[in-house]
Amino acid sequence: MRIDLTGRTALVTGSTQGIGAAIALALARAGARVGVNGRDERRVADSVESLAGQAPGAQLVPVAADVSGEEGAARVAEVLPQVDILVNNLGVFGTADPLEISDAEWRRYFEVNVLAAVRLTRQYLPGMTERGWGRVQYVASDSAVAIPAEMIHYGMSKTALLAVSRGFAKKAAGTGVTVNSVIAGPTHTGGVEDFVYELVDRDVPWDEAQRTFMREHRPQSLIQRLIEPEEIAHMVVYLSSEQASATTGGALRVDGGYVDSILP
């Protein structure tokens, strides 16, 4: 399948590292003009330089803004007034005793993981529907379905994204705009190797270490390895394409079979 996104403008929030950077790179390689977003201007510039080295000729737009707030969203609109593909990837996560999570921390998770995506959707969806084409996506997590006891606040925010995605898909019904969530499973991102080696002997080679970690600590996974960010990016690129025009209102899993369900 050849996917060509030439002429489309995409915005990927939180795209200076990890899954977001992989998505930005994949969209750029498919021909899209891509807004690379992060809070720190220097870090965004470095990320754009790195991505350009991996995708020569790519159209990359630095968008330094904290999109978890109204001012940041407004700044993004100044740089990219029109977006055809919106990928809401920004998110925070961490473990905590559920009885010790403060009200402020609950609000922070909702503000960053949910409201930021809602705000940008409100900002860009009207233009997409007017033009009769657009793609809105939310990067969710297996934690949206299999709520972790040590990350209830994170799981809550990702579950909320599934509801937000389905609701906006209904709002966009019949307009040529699709809205979907991508449920990412345990992924090989920055810091994960250190986390794995906290539980597995550091002398063990990485491939063996991650498989031991998955077998002993994430046995629900059917692929028994961590997912690479590029594998999640492949799904995002597909959902951004013309070929996915009949896929909307869905929660599509790239979780290695982690969620024990036969439904997508």
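The legends below describe an overall view and several close-up views of one predicted model.

Residues are numbered from 1 along each chain as its sequence is written, and side-chain values use heavy atoms, with hydrogens and water left out. Because the model is predicted, local features need pLDDT of at least 70 and side-chain atom pairs count only at pLDDT 80 or more, while totals for chains, interfaces and linings use all residues.

Figure 1. Helices (H or I, at least four residues) and strands (E, at least two) are DSSP runs, numbered from the N terminus. The C-alpha atoms fill a box of roughly 50 × 40 × 40 Å, taken along the principal axes. The radius of gyration is 18 Å, which agrees with the value near 18 Å for a compact globule of 264 residues; it is taken over C-alpha atoms, and the globule rule is 2.2 Å times the number of residues to the power 0.38. Of the 264 residues, 51% count as buried, where buried means under 20% relative accessible area, exposed over 50%, and partly exposed in between (1.4 Å probe, protein chains only). Among contacts (heavy atoms within 4.5 Å) between residues at least 6 apart in sequence, 69% join residues at least 24 apart.

**Figure 2. The largest cavity and its lining.** Rolling a probe the size of a water molecule over the atoms shows where empty space is left. On a 1 Å grid over the protein atoms alone, a cavity is a set of points where a 1.4 Å probe fits but cannot get out, and a pocket is an open set with protein on both sides within 12 Å along at least five of seven lines; lining residues have an atom within 4 Å of a point. Grid points are joined across faces, edges and corners, and a volume is the space filled by probe spheres set on the points. The count comes to one cavity of 30 Å³ or more, and the largest cavity holds about 40 Å³ of space. Its lining consists of Thr13, Val67, Asn88, Asn89, Leu90, Val112, Asn113, Ala116, Ala117 and Leu120. Helix α4 (residues 103-131) gives the most to this lining, with five residues. By class, six lining residues are nonpolar, four are polar and none is charged. Here Ala, Val, Leu, Ile, Met, Phe, Trp, Tyr, Cys and Pro count as nonpolar, Asp, Glu, Lys and Arg as charged, and the others, Gly among them, as polar.

**Figure 3. The second largest pocket, with a volume of about 290 Å³.** Of the 17 residues that line this pocket, Ala22, Leu25, Ala26, Arg29 and Glu230 lie nearest its centre. The elements giving two or more residues to the lining are α1 (18-29), α2 (41-54) and α8. The lining divides into 10 nonpolar, five polar and two charged residues.

**Figure 4. Thr187 in the loop between β6 (177-184) and α6 (192-199).** Thr187 is buried, with a relative accessible area of 10%. A polar atom of its side chain lies 2.6 Å from the backbone oxygen of Gly185; a polar contact is a pair of N or O atoms within 3.5 Å, within protein one must be able to donate a hydrogen and the other to accept it, and residues adjacent in sequence count only if both atoms are side-chain atoms. Leaving aside neighbours within four places in sequence, the contacts of Thr187 include Ile19, Val192, Leu226 and Ile227.

**Figure 5. Asp255 in the segment after β7.** Asp255 is buried, with a relative accessible area of 4%. A polar atom of the Asp255 side chain lies 2.9 Å from the backbone nitrogen of Gly257. Beyond neighbours within four places in sequence, Asp255 is in contact with Ile183, Gly185, Pro186 and Ile227.

**Figure 6. Gln243 in the loop between α8 (229-239) and β7 (251-254).** Gln243 counts as partly exposed, at 35% relative accessibility. Gln243 and Arg2 are 241 residues apart along the chain, and their C-alpha atoms are separated by 9.4 Å. The Gln243 side chain reaches the backbone oxygen of Arg2 at 2.9 Å.

**Figure 7. Gln224 in the loop between α7 (206-217) and α8.** Most residues other than glycine have a negative phi. Gln224 has a positive phi of about 55° although it is not a glycine. At 21% relative accessibility, Gln224 is partly exposed.
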